[in-house]
Amino acid sequence: MKNILFIAIIATLIFSCKNDKESFNTTVKKLERTASDSLIYPEEKHFKSLKQITFGGDNAEAYWSFDDKQLVFQSNNPKWNVHCDQMFLMNADDTFKDKIPPMISTGKGRTTCAYFLPDNKHIVYASTHLGNDKCPETPLKKDGKYIWPIYDSYDIFVADLEGNITAQLTHEKGYDAEATVSPKGDKIVFTSTRNGDIDLYTMNIDGSDVKQITFELGYDGGAFFSPDGTKIIFRSSRPKTEDDIAEYKSLLKEGLVQPTEMELYICNADGSDLRQLTHLGNANWSPFFLPDGKRIIFSSNFESERGFPFSLYIIGIDGKGLERVTHSETFDAFPVFSNDGKKLMFSSNRNNGGGHDTNLFVAEWQD
């Protein structure tokens with residue numbers, strides 16, 4: 001019945017007076033998805049299947065345990081009695097349409113960027129709770145421009161899966177967050193403002209042997225190790241002109257950054273052999289290595305005239321072979337592969353009824 005309805009509507013569109021090709025193609029996409037009753041757009045050939053995990057609020061940055069049995073993610077879903085980003089635990093096959101996952105952060109302040117440690121029994125994450133129990137304000141615009149807050153009350157903590165904090169890894173003044181762990185299990189890379197700029201640092205799993213690995217002016221963040229732990233991919237907004245540099249420094253003094261122009265950079269795990277990977281324009285961010293270690297999946301709006309939508313793309317670490325992965329008309333970001341390379345978790349606005357909710361989706365991956 002759905003196929004008959006689909007064909008009938010397409011026929012009506014073809015013989016209508018409308019000649020807007022873009023509108024026609026958009027409508028066809030929507031009808032194809034309705035006809036197949038799928039969350040997957042026809043062009044999304046890398047998705048063998050796609051399952052929605054969450055159903056409300058803002059859900060993002062879901063990261064796999066080393067054994068791929070669990071994930072940790074952040075959410076502010078008001079139905080879960082939270083109104084500020086907190087950390088939640090899920091099993092790999094969970095969905096949360098009719099139940100609430102266990103919260104494993106303190107419930108105080110704002111949290112971000114949790115990541116499993118190699119023992120699969122602990123996580124690292126950043127939290128502002130030492131600065132204040134209350135949720136800090138989240139300014140998103142200044143002088144009409146989109147901005148991100150960089151809270152100087154963020155520090156990085158270790159917690160067990162019952163939510164007990166077992167260690168504090170950073171004690172420096174300023175922003176310390178965005179920690180991720182090497183697949184080798186020996187190092188953590190994180191972002192810090194301890195030197196007055198926003199740079200990348202590495203440290204041992206226990207917080208010792210801290211080393212700065214990026215040094216150029218700009219916001220270096222969202223870093224991830226390659227599968228073999230030898231390289232790091234990250235996104236950066238590096239101002240070039242005098243006006244851009246002055247604006248960047250002015251915002252930074254207020255604990256703010258403007259993330260509308262970002263490119264991807266790649267380097268060795270010690271910061272050597274640093275080079276710019278993308279030259280696409282607009283915002284290119286949330287990069288993650290594919291299991292082969294030779295390609296990067298990331299989110300970008302470089303094809304969007306008005307800055308939206310954001311789609312997922314793949315590019316080789318040599319800067320070649322750019323390929324679009326997702327084709328929704330909204331927001332797709334935070335792609336993360338399972339350690340066995342079989343599944344991709346990401347956040348999307350698709351299937352949210354036209355609202356603002358950002359949910360988690362997991363895809364069976366096929367190359």
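Reader: In what order do the 4 strands of the open sheet come?

Author: Good place to start! This is a predicted model, where local features need pLDDT of at least 70, side-chain atom pairs count only at pLDDT 80 or more, and totals for chains, interfaces and linings use all residues. Residues are numbered from 1 along each chain as its sequence is written, and side-chain values use heavy atoms, with hydrogens and water left out. Strands here are DSSP runs of at least two residues (E), helices are runs of at least four (H or I), both numbered from the N terminus, and two strands pair if DSSP finds at least two bridges between them. The pairing in this open sheet is antiparallel, and the order is E1-E27-E26-E25.

Reader: Which strands stand at the edges of that sheet?

Author: Look for strands with a single partner, because one side of each is then left without a neighbour in the sheet. From one strand to the next, the twist averages 25 degrees (axes are lines fitted to C-alpha atoms, and angles run from 0 to 180 degrees between N-to-C directions). The edge strands are E1 (47-52) and E25 (332-337).

Reader: Which residue in E27 stands opposite Lys343?

Author: Strand E26 covers residues 343-348 and strand E27 covers residues 359-365. These strands pair in the antiparallel sense over 6 bridges. Opposite Lys343 you will find Glu364.

Reader: Is Thr358 buried or exposed?

Author: Thr358 lies in the loop between E26 and E27. A residue is called buried under 20% relative accessible area, exposed over 50%, and partly exposed in between (1.4 Å probe, protein chains only). With a relative accessible area of 11%, Thr358 is buried.

Reader: With which side chain does the side chain of Thr358 make a polar contact?

Author: Leaving aside neighbours within four places in sequence, Thr358 is in contact (heavy atoms within 4.5 Å) with residues including Thr54, Asp58 and Phe331. At 2.8 Å, the partner is the side chain of Asn349.

Reader: How many residues of strand E10 are buried?

Author: In a regular strand the side chains alternate between the two faces of the sheet. Asp155, Phe157 and Ala159 point one way from E10, while Ile156, Val158 and Asp160 point the other way, and all are buried. For this strand, residues 155-160, the count is 6 of 6.

Reader: Which residue in E11 stands opposite Phe157?

Author: On one side, E10 pairs with strand E6 (residues 122-127) in the antiparallel sense over 6 bridges, and Ser127 has Asp155 as its bridge partner. E10 is also joined to strand E11 (residues 165-168) by 3 bridges, again antiparallel. The residue opposite Phe157 is Gln168.

Reader: What is the phi of Gly163, in the turn of the hairpin?

Author: E10 and E11 form this hairpin, with 4 residues between them. Gly163 has a positive phi of about 95 degrees.

Reader: Is Cys113 buried or exposed?

Author: Cys113 is found in strand E5 (residues 111-116). Its phi is positive, about 55 degrees, although Cys113 is not a glycine. At a relative accessible area of 9%, Cys113 is buried.

Notes: Polar contact = N/O pair within 3.5 Å; in protein donor to acceptor, adjacent residues only side chain to side chain.
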